[in-house]
Amino acid sequence: MTRTALRICPLCEATCGLTLTIEGVRVTGARGDGDDVFSRGFLCPKGASFGALDADPDRLRAPLVRRGGRLREASWEEAFAAVADGIRPLVERYGPQTVGVVLGNPNVHTVAGALYPPLLLGALGTRAVFTASTVDQMPKHVSSGLLFGDANAIPVPDLDRTDHLLVIGANPLESNGSLCTAPDFPGRLKALKARGGTLTVVDPRRTRTARLADRHLAIRPGTDALLLAAVAHVLLAEDLADLGPLAAHVQGLGELRAELAEFTPEAVAAACDLDAALIRTVARELAAAPTAAVYARIGSCTVAHGTLASWLVDVLNVLTGNLDRPGGALFPLAAAAPAPRPAGPGHGFALGRWRSRVSGHPEAKGELPLAALAEEIDTATAEGEPLRALITVAANPVLSAPDGDRLDKALESLDFMVSVDPYLGETARHAHVVLPPPPPAQSPHHDFALNTLAVRNQVRYTRPAVPLEPGRMAESEIMARLILAVTGGHGTDPAAVDAAAIRQTLDRAVRTPHSPVHGRDPEDLAALLTGADGPERRLDLMLRLGPYGDGFGARPGGLTLDRLLAHPHGIDLGPLRPRLPQPLKTRSGTVELLPGPIAADLPRLRRALADRPAGLVLVGRRHLRSNNSWMHNVPALTGGSNRCTLHINPEDATRLGLRDGAAVRVKGAGGEVTVPAEVTGDIRPGVVSLPHGWGHDRPGTRLGHAAGDPGANVNQLLDGRLLDPLSGNAVLNGVPVALTLVR
């Protein structure tokens, strides 16, 4: 019997609505949901391949437990008993700080990944927390924390209404957008141009996005902050800055002017390898646009001055009066986010509340740099015990962190390791217990994190399209049982985890004066929640207490889970709206334009004015049919342009005697890899590019298709020592490499 079911795609940040074709319990097709309130039928190759990924024969179907040195299938009871027996004794003997937790990018794409890791970390009590953020967007969190007092208050470009978009280090036609949730990003950019708007792209590569641009600036990698500082300098020096109504919510403008005085276009031109007159033109056009937004992503985050570049993006949005303005950059308001608190000063944002044991890296947003994970395992110091156990949840740091070879060896030395992972991949192969979540068709979906970055306020939820297969366990139950196993509660009903989370949230809400349930009885409120299970009841709770919720009856007609379920294609909550000063949680209650840590790091940027790379530098790149290391085991998503090749400019290829397709040895500070050269004029001279997420050639994995075309791990070229000092983010772009022809 053939039927259809709706599903929100979990394969990238665009969160498109899908209509799945299902035969029995097997997904046989996927197309865009034309009635979806957000994506309106848009579909990319990843979404179209949903069925193939869902049915990948290499997905694990039962837990694995290491016995006699080998991973063997086991029952769920055996697996969680092994977790409890492996981790609890280590916690009791050495303390919770000797248990590390690594959270990967896929956590933001699942219901369980959003709801349970915070509970795991809180119950375990460890500070040894590492996530994909510190090889990705942590600089943006830090700059937002310093500017606005909230590391998660990230303004997004109002794509559908802006007149001028300046894109830096981003390729949304390939990535589908990031830190800017926007289904059909390509269509939105084409609409911008169709209404007479301007698109400017800054990127060392002539990407698909750059080809669409009115102006492409082929900047030297790693100099984004210098360019942005020069644009800000022009706005200030030529009296083009106009904060408008923002002025009442901003402090530090005079100090900013003084700090940026040296960053003239002429001063930065040589370092950026851009014409000074062109930089002035970019600044003047930005100021003259009726509305404008500056948007930057991973290319500007994963560099030596990533936090400064991220900060300067919003400085430019402020100086042009476009922060919190329709057509500029605004703060989304997600349905499941806490209801806005009254405007006023907050606790602010602090860095370095603790430091890593070996190198003393400061924490940022409660996390330590992923690049430091290996040394926290394999290096003894007098500052405490090394990590003896590790829990990885949807994470593959052997490929995503610098120097995977060192981490590979370090993982072997752990006393115990648990991986929540659907595959036996490059990291999970080291685990003592592997807990595989079910395929996405068998899981519910709501975008808790990504809706806080959406270019339009909306809310959608889809239940599992097919029931759990016999022997499978829901990801939410896996995570709840894991929490109990590592905290001494093995054998307790996993529903207790959700019940405790609900009670804790309600206890806090009834004590909060501005809450719609202030003073009410938590038990009475809990009894009103609906939902088929604990995660749905928690979603109902968040929706009711959220900015559009019914407040448990205090706001009749407001949002509840039942109302959302009655709208299977979602509910449109309208365009982004100005929200200042409410989102601000700085101690001053204003946008603090020149925070102390930023000012302290600016001398380092001044020294970069004299930097000139002596040889080739490396940048990464994204593919439309991939997402980090997730999808290389799906035949439909590999081949074609999605290949692990080294892009090199014809001038550099000729100088080095390289031809298209030749095997090239690429050497960096952390090691070397061999890849085929792809000679292309789409990359500027002096720069080479390798994609991220490859290197599927390690023994002991079960990734049949990926292993047949493994590619090379670009992060093996890095030794992990290069970090942005404010955020702890690994420097992945603009790093020097040397090439040798393999004869």
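Predicted model: local features only at pLDDT ≥ 70, side-chain atom pairs only at ≥ 80, totals over all residues.
1. In this model, L64 has E73 as its bridge partner in strand β5.

2. Strand β4 covers residues 64-67 and strand β5 covers residues 70-73; the two pair in the antiparallel sense, and four bridges join them. They form a hairpin with two residues between the strands. Within that hairpin, G68 adopts a positive phi, near 60°.

3. Strand β4 has a further antiparallel partner in strand β17, residues 433-435, to which two bridges join it.

4. Which residues of helix α12 are buried? The helix spans residues 265-272, and its buried residues are P265, V268, A269, A271 and C272. An α-helix has 3.6 residues a turn, so residues three or four places apart point the same way. The cover over the buried residues of α12 includes α10 (224-237) and α13 (276-288). After α12 comes D273, which has a positive phi near 60°.

5. The packing of α10 against α12 deserves a separate look. Their axes lie 9 Å apart, at an angle of about 160°. Angles over 145 degrees count as roughly antiparallel, and the two helices are therefore roughly antiparallel to each other. The crossing of α10 past α12 is left-handed.

6. Which residues of α10 and α12 meet? From α10, the residues are L226, L227, A230, H233 and V234; from α12, they are P265, V268, A271 and C272. P265, V268, A271 and C272 also belong to the buried residues of α12.

7. How many disulfides does the structure hold? The number is zero. A disulfide is a covalent bond between the sulfur atoms of two cysteines, and the cut-off applied here is 2.5 Å between the sulfur atoms.

8. C272, in α12, illustrates the point. The closest cysteine sulfur to that of C272 belongs to C301 and is 17 Å away, which is too far for a bond. C272 counts as buried because its relative accessibility is 0%, the limit for buried being under 20%.

9. Is C180 buried or exposed? With 0% relative accessibility, C180 counts as buried.

Methods
Residues numbered from 1 in each chain as written. Heavy atoms only, no water. Buried < 20%, exposed > 50% of the residue type's maximum accessible area, 1.4 Å probe, protein only. Contact = heavy atoms within 4.5 Å. Pairing = 2+ DSSP bridges. Axes fitted to C-alpha atoms, helices over the stretch in contact; angles between N-to-C directions. Parallel < 35°, antiparallel > 145°, perpendicular 65-115°, else oblique. Left-handed = near helix turned anticlockwise from the far one by under 90°.
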